[in-house]
Amino acid sequence: WTCKPPVCQAEKPLEGILVGCYDVHAADDNGAVVRRQFDPKSSGKTTAARCAVECAGSMHFYLEDGRCACGEFNATKVADLEVEAGMCGEKCRGESPDLLNLPCGRRERLAVFITDKVAELSNESHGQHATGRALSDVGSDGSIAYTALTRFALALSVAVAAIAAAGAIRRPCMHVQISADEDFPTKIGGGGGGTRGGRGR
């Protein structure tokens with residue numbers, strides 16, 4: 001398998017975040033020299049951001065095909081097992097689209113990360129995503145462009161105005177209807193008393 005762009009292009013931006021990608025396929029005992037430095041968290045698949053949360057307090061974590069394990073990793077002992085970052089695949093399914101292309105690992109290819117660095121990166125990503133939902137980019141003149149928040153406020157004001165207008169229209173209609181009801185017998189009978197009296201008798 002050969003690493004091809006754009007996967008390999010993400011290697012440099014991951015410097016200081018990804019310790020390395022380690023191919024344990026040919027290592028003794030299914031890579032025990034690497035695995036015994038870590039404590040598996042769960043058998044289910046996760047993301048780098050979630051694994052960083054689960055491994056809070058541990059210096060490192062690895063992902064192997066989306067499976068998370070936490071520990072204190074000594075890379076010097078397994079330097080001969082390290083391969084290029086792209087060999088550990090692309091980001092995990094469910095990872096934030098704003099996050100860097102953190103490799104999810106592959107079967108017997110462990111992507112080892114620095115826990116705190118991934119956590120910081122994830123927090124920054126979530127903060128930017130939340131800000132982006134409320135505000136659009138700031139213009140070159142320093143003014144804030146049209147935002148989702150202002151669109152909501154405008155829609156709300158239009159709805160309130162529509163309700164108020166509907167109420168203003170109904171009130172004259174009710175007044176006219178009442179007036180018509182009051183005058184109706186007089187117009188039909190030619191006189192209010194005679195008509196009502198005739199019906200009563």
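## Salt bridges, stop by stop

Select Lys45 to begin: this residue is exposed, with a relative accessible area of 57% (exposed is over 50% relative accessible area, buried is under 20%, and partly exposed lies in between, with a 1.4 Å probe and protein chains only). The model is predicted, so local features need pLDDT of at least 70 and side-chain atom pairs count only at pLDDT 80 or more, while totals for chains, interfaces and linings use all residues. Residues are numbered from 1 along each chain as its sequence is written, and side-chain values use heavy atoms, without hydrogens and water.

Asp65 and Lys45 form a salt bridge, with their closest N and O atoms 3.4 Å apart (a side-chain nitrogen of Lys or Arg within 4 Å of a carboxyl oxygen of Asp or Glu). This pair joins distant parts of the chain, 20 residues apart: Asp65 is in the loop between β3 (60-64) and β4 (67-71), and Lys45 is in the loop between β2 (38-40) and α2 (48-54). Helices (H or I, at least four residues) and strands (E, at least two) are DSSP runs, numbered from the N terminus.

Now select Arg67, partly exposed at 34% relative accessibility. Its salt bridge with Asp65 has the closest N and O atoms 3.7 Å apart. Through shared partners, salt bridges join Lys45, Asp65 and Arg67 into one network.

Move on to Asp23, partly exposed with a relative accessible area of 21%. Asp23 forms a salt bridge with Arg109, the closest N and O atoms lying 3.8 Å apart. Here too distant parts of the chain are linked: Asp23 belongs to strand β1 (residues 18-23) and Arg109 to strand β6 (residues 109-114), 86 residues apart.

The count of salt bridges comes to four.
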